[in-house]
Amino acid sequence: MLAELGCIALGVPTGYVCRRRERIVRVTDQSMTWLVWALLFLLGMTVGYDTGLMTRLDSLGVRATLICLCAMTGGQLGAWLLSRRIHIDPPRRQGGDGKAGRAPTLWRAVFSSVIVLGFFGGGVACGWFALLPQALTTGEAVLVTLYVQLFAAGMCIGFSLQSLRVIVELRLMALLIPVTVAVGSLAGGAFASVLLDDLSVRDALAVSGGLSYYSLSSVLVTRLGNAELGSVTLLANLLWELLALIFTPLMQRAIGALGPIAAGGAAAMDTCLPVIARECGERAAIVGMFSGVCLTMAVPLLLSALLA
């Protein structure tokens, strides 16, 4: 967490210093797209090379997918309700004439999601068929890509530093965002347990309580619960983060900036932050980072309370 925040913190002043250099601003914005695609491809390779995970998809995948979809739906309902009270400026694109453009069209949103899904699927295929060296997934490639992404996201915030005012403007309303995401996600997990006969409410809440933080939540659930539930937690929260990355353009169009922020959950502060910044603007990135940090800190507390 400290390393991720450090990358963002370094990017903000760098972006502020370079805010008047149009070429740097343009290249940074373009690089965000390529970095998101690269990260999804590497994550796909990680999944593809994990033969144990791939072979257990049929037995654990149904439970994980259902809990993931219910938890995300709960978070999206909460975001939709909050969007009536909290308004974040829509994304502003720079056109060739230097004037701000419109928010993404539906066609562009769908096309962006398809491209992202294609990169992830390509990564899974490369991993499963061992088309590329596994060192790309076991080495530092994923971490380096993520850190460069976060640095670039910090630069985007620095390009428009006045965006930081959004937290001051929202005041206590800013705290409602992570609270609503957590409550909605847990409510979705509880609902999923009704549909799954072989999973208790407590276990379903533990899985949805990961809030897309799949690395930490799966370890905690395995240690506090059992290995099988830990595997479901890993799959559900990994899928959660993936869907948030893929469908951010559609969520932004349907609900507004709060949709992608809620979908990202804890990952809104790191993996999902660059795509939130790209699709929803700098002010939304600030809110997403604040919400993601709050949820990241809440995950170990939630899981410890649920599985104590």
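**Contacts and overall make-up**

I began with contacts, meaning heavy atoms within 4.5 Å. Among contacts between residues at least 6 apart in sequence, 83% join residues at least 24 apart. The model is predicted: local features need pLDDT of at least 70, side-chain atom pairs count only at pLDDT 80 or more, and totals for chains, interfaces and linings use all residues. Residues are numbered from 1 along each chain as its sequence is written, and side-chain values use heavy atoms, with hydrogens and water left out.

Next I looked up the secondary structure. I found 15 helices and zero strands. These are DSSP runs numbered from the N terminus (helices H or I, at least four residues; strands E, at least two).

Then I checked burial. Of the 308 residues of the protein, 52% count as buried. Buried means under 20% relative accessible area, exposed over 50%, and partly exposed in between, with a 1.4 Å probe and protein chains only.

Leaving out residues up to four places away in sequence, Ile-261 touches Ile-88, Ile-177, Ala-268, Ile-276, Ala-284, Val-287, Gly-288 and Ser-291.

**Aromatic rings**

How many aromatic pairs does a search of the whole structure find? I noted two. Rings of Phe, Tyr and Trp (its six-membered ring) pair if their centres lie within 6.5 Å; planes under 30 degrees apart count as stacked, over 60 as edge-to-face and the rest as tilted.

The rings of Trp-34 and Trp-37 have centres 5.0 Å apart and planes at 75°, so I logged this pair as edge-to-face. Both residues sit in helix 2 (residues 22-49); being three residues apart, they are separated by about one helical turn. Trp-34 is exposed at 56% relative accessible area, whereas Trp-37 is buried at 15%.

Trp-37 also pairs with Phe-119. Their ring centres are 5.1 Å apart and their planes lie at 15°, so this pair is stacked. It links distant parts of the chain, since Trp-37 is in helix 2 and Phe-119 is in helix 5 (residues 106-128), 82 residues apart. Phe-119 is partly exposed, at 28%. I put Trp-34, Trp-37 and Phe-119 down as one aromatic cluster.

I also found a charge over a ring (NZ of Lys or CZ of Arg within 6 Å of the ring centre and within 35 degrees of the ring normal). Arg-19 lies over the face of Tyr-16, at 3.9 Å from the ring centre.

**Gln-76**

Is Gln-76 buried or exposed? It counts as buried because its relative accessibility is 14%. Gln-76 belongs to helix 4 (residues 57-82). The side chain of Gln-76 reaches the backbone oxygen of Gly-259 at 2.8 Å. Gln-76 touches Met-251, Ile-255, Gly-259, Ala-262 and Ala-263, with residues up to four places away in sequence not counted.

**Cysteines**

Last, I looked for disulfides, pairs of cysteine sulfur atoms within 2.5 Å. The count is zero. Cys-126 is buried at 14% relative accessibility, and Cys-280 is buried at 1%.

Notes
Polar contact = N/O pair within 3.5 Å; in protein donor to acceptor, adjacent residues only side chain to side chain.
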